[in-house]
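Hi everyone, thanks for coming. Let's take a look at this one together.

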Protein chains: 4
Amino acid sequence: MLDAAERVFSASGFHGASMDAIAAEAGISKPMVYNYFGSKEGIYLAYLARAGRDLLNRMLEADVPDGSLEERLTAGAGAFFGFVGQNHDGWRVLREEMLQQRESVGGQVATMRDAIHALLSEVLLEEGGDPDRVDAFARALTGAGESLADWWLEHPDAPVEVLVQTLVAMAGAAAPPR
Amino acid sequence: MLDAAERVFSASGFHGASMDAIAAEAGISKPMVYNYFGSKEGIYLAYLARAGRDLLNRMLEADVPDGSLEERLTAGAGAFFGFVGQNHDGWRVLREEMLQQRESVGGQVATMRDAIHALLSEVLLEEGGDPDRVDAFARALTGAGESLADWWLEHPDAPVEVLVQTLVAMAGAAAPPR
Amino acid sequence: MLDAAERVFSASGFHGASMDAIAAEAGISKPMVYNYFGSKEGIYLAYLARAGRDLLNRMLEADVPDGSLEERLTAGAGAFFGFVGQNHDGWRVLREEMLQQRESVGGQVATMRDAIHALLSEVLLEEGGDPDRVDAFARALTGAGESLADWWLEHPDAPVEVLVQTLVAMAGAAAPPR
Amino acid sequence: MLDAAERVFSASGFHGASMDAIAAEAGISKPMVYNYFGSKEGIYLAYLARAGRDLLNRMLEADVPDGSLEERLTAGAGAFFGFVGQNHDGWRVLREEMLQQRESVGGQVATMRDAIHALLSEVLLEEGGDPDRVDAFARALTGAGESLADWWLEHPDAPVEVLVQTLVAMAGAAAPPR
DNA sequence: GATGAATGAGTTTTCATTCAT
DNA sequence: TATGAATGAAAACTCATTCAT
């Protein structure tokens, strides 16, 4: 059912998606959707929560706290692109929400993003990044990753390694030679 | 009048924006909007054209073709953040469009983006970047810039130099001094 | 529901009829009308189809192929006035459509009219009418019938026999005594 | 200016005609149209008045009070079809109005029609028609003429004589051989 | 638990009509 | 006198949401 929502939200965006379309895609009737999720926002939030959790879990599980900076970054980037590669639709929905920052959805996606941000900041700090700049830098890196993911959707033949390496190379700029 | 459209499109996205809201924001009546732009898509396109042109011009004018890699990147990043800083709403609209790729809008924004992308790629290539990776790298850099801009708006006290330097540092990772 | 459409289309014509008015007349809400018929044209077509079929069936059923010219004309005229008498609104709508020949409606009414026209022409021909003039003559006869129907509504006390006899008398002019 | 109105009303019908279109067709600005005619109905009425007067005058002038029944009918029918033949657009507008019977226009066209009706009744009576049936019969005849005119618009190659003769033949049925 | 049928509120768009110049 | 610019009101159509069954 959330899968149906994913397809529809991804294809049409939040506004463009109709409850009719979601119910039809799920093969059930509209009142059922309302029964379970209460409103359009309800199912949207439920979907975002699931997708955000999935992405976040992947990244947390991929981390290797004892590894080198490069190993950790590579693992994180790999997990991220792995999610995007297997979840084109899901990524589109998350991405749209990141841009729109719908008030009613508020924290939902921001929380997920913040968690990733925190993980990244921690890695960079531990590895010797300049504390004053780590915050902005981490944000720039996540942005680079997001845009690389967008780019990937448009160039699906690009091997994931190129994406990961590009991102890791950029991250290297954060921790100037100590 | 396009300024009113900017505020409304930025706040609500294309779908969420109503012609009523645009007319009210502009302080005129709906039929006037139709008189000048013909349709919702019409005013949206007109707005995108203006915003895209503004941003592109800034970046083209700021470029210093004879400068060093760092000088050129610094100039470009400065122009970009200058636009974003003075044009938050405009940036939101452009970004939404980049992501959504509305069919009816077609080339409009893609053209502008491609021009910036081409400029950046050219700079990186001229300065010795790896030709196979420049494309993805350029996209990652613009994404980093976008996210830095967002971060800036949340931390308005950060000096623009920090943003520029962060971005330039990341760009440096593309063409390591060989 | 088509009955409501009949009243509204009859009173205001196609252009003048609003979906609001039709829904109100039917005692339901506009979206229901759209649910069943899809568009204004949709309900208009559905109505025309029903009215045209009703009229045509009446006339076909009333015909007595083995009868004399006069008997057949009398039967046909009687069926026609029977329809008009019980269906003033329907007749108005059909006539408006015949005149306007709305492109989108295309064959719908033309088909019905042609069938009646063909029936009448056939009768006249079989009974010795001049082949070169039967076409125009048949049309003149239907026009006479239409106007007689209008006159009838303004003079409701006139017995239907007078109308029928008048029409049959006029038809007699087509096939002068051989 | 009324000529412009004629073209537009004829092509689109009353509802479909827009004041913009009329003003454009006339080569002047909308406020001028309002200045002269006050409203859309105003110019419509003015047009109908002119067209109705033209048709009526033609028929009155064509009458030959001293002629035989056949001569008078032939003259009248000839005048009528002469108007239609030279005034396709005008006839279309008059015809639409006859069918729709717009309340606000009320008498305008009815008056013209009544005058023709009266003329015809008078002729028939003078020539020995059955007084009880002349009224309905005259109406049937005008209806036959109107429909023949419609038919003519669809078959423009038909010679006018056929139309006239058809109509006169039908009229002959009214005045049974004395 | 499930749905077909229903709708209030809102969307884009058009048009007769007027005002400021 | 003439018009470019402006608008109130309404039309077709859609959609999130809710009953009655």
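I'll start with one chain and then move on to how the two chains meet.

A quick note on the ground rules: this is a predicted model, where local features need pLDDT of at least 70, side-chain atom pairs count only at pLDDT 80 or more, and totals for chains, interfaces and linings use all residues. Residues are numbered from 1 along each chain as its sequence is written, while chains are lettered from A and ligands numbered from 1 in the order in which they are written.

So, chain A. It has 9 helices and 0 strands; here helices (H or I, at least four residues) and strands (E, at least two) are DSSP runs, numbered from the N terminus. The C-alpha trace of chain A spans about 60 × 35 × 25 Å along its principal axes. Of its 178 residues, 43% are buried, meaning 20 or more other C-beta atoms, placed from the backbone, lie within 10 Å of the residue's own.

Now, how many residues of chain B are in contact with chain A? There are 29, and they meet 29 residues of chain A; contact means that C-beta atoms, placed from the backbone, lie within 7 Å. On the chain B side, α8(B) gives the largest share, 12 residues.

How do the copies relate? Chain B can be laid on chain A with an RMSD of 0.9 Å by a turn of 179 degrees and a shift of 0.1 Å along the axis, superposing by least squares on C-alpha atoms of residues with pLDDT of at least 70 in both. The two copies are thus related as by a two-fold rotation axis. In chain B, B:G143 has the C-alpha nearest that axis, at 2.2 Å.

Key
Buried ≥ 20, exposed ≤ 12 C-beta atoms within 10 Å, placed from the backbone. Contact = placed C-beta atoms within 7 Å.
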